[in-house]
Amino acid sequence: MVRLEYSKKVLEHFKNPRNVGEIEDADAVGTVGNPVCGDMMELSLKIKDDMIEDIKFRTFGCASAIATTSMLTEIVKGKTLKEAEDLTWDDVVEGLEGLPPIKVHCSLLAVDGLKKALYEYYRSKGIDRQDLKPNEEDDHDQGEEEKEVGPIV
Ligand code: FES
């Protein structure tokens with residue numbers, strides 16, 4: 001069995017995730033999933049004056065997916081759309097003071113969910129931002145290492 005070392009920040013966000021739920025009158029919703037591990041992510045956004053006024057998430061995901069999305073919501077709340085577009089999984093992992101390498105891919109699910117929500121927002125305004133559309137076929141690609149070690153407890 002593989003024992004993973006999580007930072008205090010990851011454990012804290014996993015135990016007390018921020019911004020969980022769904023915004024009823026959201027301006028945009030992004031849903032992404034990984035067909036391999038079955039994890040799903042949904043982010044809803046409230047946008048005003050090109051700024052993310054509110055953000056919430058729901059997930060059927062692992063502890064890292066929960067912690068990374070919780071951190072992501074804290075980072076982008078109050079930020080401009082441009083700042084949110086530029087967010088990378090690296091920023092989220094850095095905010096959490098690191099993730100075990102084998103779990104870094106989980107942060108992609110959170111970032112993909114955000115980009116998908118932004119893509120849907122622009123689409124609702126008649127703007128086609130293909131650059132924000134996650135590749136549905138290899139969303140949140142499962143790392144080879146994880147397949148080799150099997151289930152992680
Ligand atoms: S999000 Fe799929 S294993 Fe973490």
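In the predicted model, alanine 110 is in contact with Met41, Ala65, Thr68, Thr69, Leu72 and Val92, leaving aside residues up to four places away in sequence. Together with Leu114 and Leu118, Ala110 touches the most other members of the largest nonpolar core, which comprises 31 residues. Two or more residues are given to this core by each of strand 1 (28-33), strand 2 (40-48), strand 3 (51-60), helix 2 (63-76), helix 4 (89-95) and helix 5 (104-124). The largest contribution, ten residues, comes from helix 5.

The three strands are arranged as an open sheet in the order 1-2-3, with antiparallel pairing. Strand 1 and strand 3 form the edges, each pairing on one side only. From one strand to the next, the twist averages 15°. Six bridges link strand 1 and strand 2, and alanine 28 is placed opposite leucine 45 of strand 2. Helix 2 packs on the sheet through contacts with strand 2 and strand 3, and its direction makes about 175° with that of strand 3. Helix 5 lies across strand 1 and strand 2, at about 140° to strand 1.

Helix 2 contains 14 residues and spans 20 Å from its first C-alpha to its last, close to the 20 Å expected at 1.5 Å a residue. Eleven of the 14 residues are buried, and the helix is thus mostly covered. Among the buried positions are Ala65, Thr68, Thr69 and Leu72, each of which is also in contact with Ala110. The cover over the buried residues of helix 2 includes helix 1 (8-15), strand 2, strand 3, helix 3 (81-85), helix 4 and helix 5. Glycine 78, which follows helix 2, has a positive phi, near 90°.

Technical notes:
Residues numbered from 1 in each chain as written. Predicted model: local features only at pLDDT ≥ 70, side-chain atom pairs only at ≥ 80, totals over all residues. Core = buried A, V, L, I, M, F, W, Y, C linked by C-beta atoms within 7 Å. Buried ≥ 20, exposed ≤ 12 C-beta atoms within 10 Å, placed from the backbone. Helix = DSSP H or I, 4+ residues; strand = E, 2+ residues; numbered from the N terminus. Contact = placed C-beta atoms within 7 Å. Expected span 1.5 Å × (residues − 1). Pairing = 2+ DSSP bridges. Axes fitted to C-alpha atoms, helices over the stretch in contact; angles between N-to-C directions.
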